[in-house]
There are 2 protein chains.
Amino acid sequence: MTSKPNKRPLQSDPNHWVAVDIMGGDQGPVLALEACARALHKHPKLHLILVGDQAVSAPAVSSGALSAYTSRIQVAHASEAVAMDEDPVHALRHKKDSSMRVMAQLVADGHAASCVSAGNTGALVAITKYVLKTLPGVTRPGLMALVPTKQDKNARMIDLGANLALVSDQYVQFALMTGTLAAQVDGIANPRIGLLNVGSEEMKGSPAIKEADVALREASARAQFDYIGFVEGGDVYGGDVDVVLCDGFVGNIALKIAEGTARLVSDYTRKQFTRSFWRKCIGLMAKPIFADVKAYLDPSSRNGANLLGLRGIVIKSHGGCDVAGFVFAIDRAYAQGALGLTAQVQAALAEHYHISSSS
Amino acid sequence: MTSKPNKRPLQSDPNHWVAVDIMGGDQGPVLALEACARALHKHPKLHLILVGDQAVSAPAVSSGALSAYTSRIQVAHASEAVAMDEDPVHALRHKKDSSMRVMAQLVADGHAASCVSAGNTGALVAITKYVLKTLPGVTRPGLMALVPTKQDKNARMIDLGANLALVSDQYVQFALMTGTLAAQVDGIANPRIGLLNVGSEEMKGSPAIKEADVALREASARAQFDYIGFVEGGDVYGGDVDVVLCDGFVGNIALKIAEGTARLVSDYTRKQFTRSFWRKCIGLMAKPIFADVKAYLDPSSRNGANLLGLRGIVIKSHGGCDVAGFVFAIDRAYAQGALGLTAQVQAALAEHYHISSSS
């Protein structure tokens, strides 16, 4: 059973509360708890609910790095944890006291505006969708992540794996939601939104993509986003598009191809600097330069994918990220909660779909 | 009208003849002709048919670098050229004397075993498919390219854009054909063939991908290829898979995402070496190292995509490649022709589909 975090009344706006699943990720609670301490140090108004095995979280709060922030911490016990390779449906049906489920419930109950988990992605999608429900106008949530561009600013890609295929209106929903996030959280005045397609040289795209293009053109004419049409794989990194729309099948493969390519280039470059004594010397001198490159490419520096479309902010931290990456994911959750992103996304959807605000 | 290249009887096995479309590509005939001269210098048994505007090719053969190889050159005139941005259907229907069409006809008529064009990809697919026809057992041709891996050997990806969507049996056809190419041309004893899918963490793939998986398992049980199951985007570069199967929509986007990522990493790294006088000095010393990295990543070093499944070898050179890249594409065409790849692919398909050899 869940030990409710509301034994003590909240001393702060719920928008400043982030519920963190400390049981997820490849490295488990130790990394998550260290990240929580660092995030609390970084943001004086941040409040955290640590969700997971109380036998782990309680001692961590009473001693260690977290003990300096007890006034801004609550502990929520969850007797179970979802395994990284567990079937999402099994996790949803049979682990009703999992840290992920308790975390989502805390957001549903208004104890926190946002939550962060580094656990099993499929289970997180299934559980948060079940517990939080979708916002009015949204068919299914979409997974959105930041990707680097050559213009020293990030682009956003959605969907990265929550939905294998999309119908036209889902592209419009993702455009509305990600456009709102880009504008409100990342400060981009008129986010440019593109639809990922194959090179016009080869062919003009599948029927589904052509339909989505028509729907996006119609929607952008009456909504506050700037649809720029088709973009190709190479355009994602150009910096001229702020939001790249694709289905989860293509998005997931594209993301992993990009990570694989970046690793290949980095590894090969590093290897070339070890091929002779002289090259090793140059490599030694170039070390700080490569540290800069590594920092730039480090997925940790953009960690924290949004599961957009739910009645609350859900951030998926990469299962294999380091402490800095987990901190960044908490940063994202906190910033989005504090800015009231869910209400803003809801308003954008309501305006577009003519949904009355009472719904 | 075409001036036939068979005024002079062929003095060599047609398998040593490559027909080259000199009109394609972003830079046109000058680059193509220079590449032809270099390829002839490199391969003493290579014979070329230069296809395109005779007013350009004839003077180039009678003087300049090509004049040293006149005994191994024939010129085939084509009065038209397909524009890089021309609609493929228009090119197929209305440019019956295009260099691309004449080139394909030379292969169809047995004057050359292979051909190379750097022109409009869509038009090349449409024209060569129309002129050469598919091999028995093949539904539609697929575009296959080499991609680098961290194990200092290439992987092969198919399809990169010739077919937006594939049915199960097309995956099997592509597996058979690319497996044969990997074994016969690239010397890989038992090519490992994988099917590109999303991370098992997220979901298990679309119905189409699951069906293809079943078909590939069945086919590999009776064919001479080793199907290893699903691979993720990141596995493409690991070197543990020799052939990656995907539909043309995903493949085209993946290829362009990979190129974009490699460019992003290279550009950012280069920029870091210019940020101070000291860094510029290190960059100067590291110049030969970066030249090695550039050479490794250079798409020219793997240029020449195969359009597999036709009654003849068709190589698509990248429209923007340099002379070295075009030479590599001719190398590929020549090697595949000399090895009799078309007959070997045909035999593999015939065995699998129980097609009698007379068909």
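**Figure 1. A close-up of Leu195(A) and its partner in E8(A).** In this predicted model, Leu195(A) has Phe230(A) as its bridge partner in E8(A). The strand pairing behind this view links E7(A), residues 192-196, with strand E8, residues 226-231 of chain A. These two strands pair in the parallel sense, and five bridges hold the count.

**Figure 2. Leu195(A) seen with E9(A).** Now look toward strand E9, which covers residues 243-245 of chain A. Here Leu195(A) stands opposite Leu245(A). E7(A) and E9(A) run parallel and are joined by three bridges.

**Figure 3. Strand E7 and its cover.** Is E7(A) mostly covered or mostly open? Mostly covered: four of its five residues are buried. As a reminder for reading any strand picture, side chains in a regular strand alternate between the two faces of the sheet.

**Figure 4. Stepping back to chain A.** Zoom out and you'll find 12 helices and 11 strands in chain A. The chain's radius of gyration is 21 Å, close to the 21 Å that the globule rule gives for 359 residues, so chain A is as compact as a globular protein of that length. The C-alpha trace spans about 70 × 60 × 35 Å along its principal axes. How much of chain A counts as buried? The figure is 60% of its 359 residues.

Technical notes. Residues numbered from 1 in each chain as written. Chains lettered and ligands numbered in written order. Predicted model: local features only at pLDDT ≥ 70, side-chain atom pairs only at ≥ 80, totals over all residues. Heavy atoms only, no water. Rg over C-alpha atoms; globule rule 2.2 N^0.38 Å. Buried < 20%, exposed > 50% of the residue type's maximum accessible area, 1.4 Å probe, protein only. Pairing = 2+ DSSP bridges.
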